[in-house]
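Please examine the sequence and the model before reading on. The paragraphs below then lead through selected features.

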Amino acid sequence: MSQITEAYAREMAKQEARKQALRAEIESDLSGVERIVFEAGCGHGHWLSSYAEANRDQHCIGIDLISWRIRKGLDKKKKRGLRNLHFYKAELGEFLEVMPGNIRFDCVILLFPDPWPKARHHRRRMVQSAFLDEVARRTDAGGAFCFRSDDQAYFDWTVEHLQAHPAWEIDPEASWPHETETYFQEMMETYYSVIAQRVGSESDHVQPD
């Protein structure tokens with residue numbers, strides 16, 4: 001019978017404490033909020049800050065794993081007085097785990113996520129069937145999933161996953177929800193975008209495995 005090492009136990013305790021702190025922060029910030037625009041991997045917060053400023057009636061949430069990026073996003077929020085905008089240092093899976101179940105996604109944005117180009121790293125890509133399941137479960141019919149990348153292979157991967165998923169339907173006529181030059185986009189000579197709509201009735205939520 002295997003035993004849990006002290007190092008593993010400490011790491012699990014740290015993870016649980018981190019999730020509890022994140023849960024408390026989210027519940028405090030989003031008290032009474034029912035719908036959000038969510039950007040996973042928000043970078044410096046440039047795009048989401050611009051969107052939140054143009055859409056002050058919508059609550060906008062961005063997460064990233066890098067602390068100094070979150071600090072830059074929070075600086076933008078403070079300078080523009082955006083009470084409808086929040087940034088969190090968080091891993092995607094942990095954020096989705098602790099986010100209150102009553103909050104729905106109006107729109108989910110992925111801008112230039114790491115493509116993890118080597119085949120052995122593809123499992124690390126954010127766009128996976130399980131991720132699309134979870135987003136669909138939290139999105140009502142008509143909600144949007146918006147993806148943009150400069151990597152053709154990752155774009156094709158995303159299109160294939162969306163086409164194979166019963167809860168999402170690619171809308172070739174849909175317009176990008178908000179255009180503004182971001183730090184990463186300024187460096188790209190070309191990029192590719194796809195927008196999918198949540199299909200099915202509002203009660204037809206995808207259930208986790």
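**Cysteines, a central strand and a pocket**

Cysteine 107 counts as buried, with a relative accessibility of 9%; buried stands for under 20% relative accessible area, exposed for over 50%, and partly exposed for what lies in between, using a 1.4 Å probe and protein chains only. The model is a predicted one, in which local features need pLDDT of at least 70 and side-chain atom pairs count only at pLDDT 80 or more, while totals for chains, interfaces and linings use all residues. Residues are numbered from 1 along each chain as its sequence is written, and side-chain values use heavy atoms, with hydrogens and water left out.

Which cysteine sulfur is closest to that of cysteine 107? It belongs to cysteine 146, but at 3.7 Å the two are too far apart for a bond. A disulfide is a pair of cysteine sulfur atoms within 2.5 Å, and by this rule the count is 0 disulfides. Cysteine 60 likewise takes part in no disulfide, its nearest cysteine sulfur being that of cysteine 107 at 9.5 Å. Cysteine 60 is buried, at 0% relative accessibility.

The next element to consider is strand 5, which spans residues 139-149 and has 9 of its 11 residues buried. Helices (H or I, at least four residues) and strands (E, at least two) are DSSP runs numbered from the N terminus. Two strands pair if DSSP finds at least two bridges between them. Strand 5 pairs in the parallel sense with strand 4, residues 104-111, over 6 bridges, and arginine 148 in strand 5 is the bridge partner of leucine 111. From strand 4 the chain passes through helix 5, residues 129-137, to strand 5 in a right-handed β-α-β crossover; right-handed here means that, with the strands pointing away from the viewer, the path from the first strand over the helix to the second runs clockwise. Strand 5 is also joined by 6 bridges to strand 7, residues 192-198, this time antiparallel. Phenylalanine 145 stands opposite alanine 196 in strand 7.

Most residues other than glycine have a negative phi, and most peptide bonds are trans. Phenylalanine 112, which lies in this loop, has a positive phi of about 50° although it is not a glycine. Tryptophan 116, found in the loop between strand 4 and helix 5, likewise is not a glycine and has a positive phi of about 40°. Phenylalanine 112 is buried at 12% relative accessibility, whereas tryptophan 116 is partly exposed at 26%. Arginine 124 has its place in this loop too and is partly exposed at 44%.

Finally, the largest pocket holds about 690 Å³ of space. Of the 30 residues lining it, Gly41, Asp64, Arg69, Asp114 and Met126 are the closest to its centre. Strand 1 (35-40), helix 2 (46-54) and strand 2 (59-64) are the elements that give two or more residues to this lining. A pocket is an open set of points, on a 1 Å grid over the protein atoms alone, where a 1.4 Å probe fits, with protein on both sides within 12 Å along at least five of seven lines; lining residues have an atom within 4 Å of a point. By class, the lining has 16 nonpolar, 6 polar and 8 charged residues, where Ala, Val, Leu, Ile, Met, Phe, Trp, Tyr, Cys and Pro count as nonpolar, Asp, Glu, Lys and Arg as charged, and the others, Gly among them, as polar.

Technical notes. Grid points are joined across faces, edges and corners, and a volume is the space filled by probe spheres set on the points.
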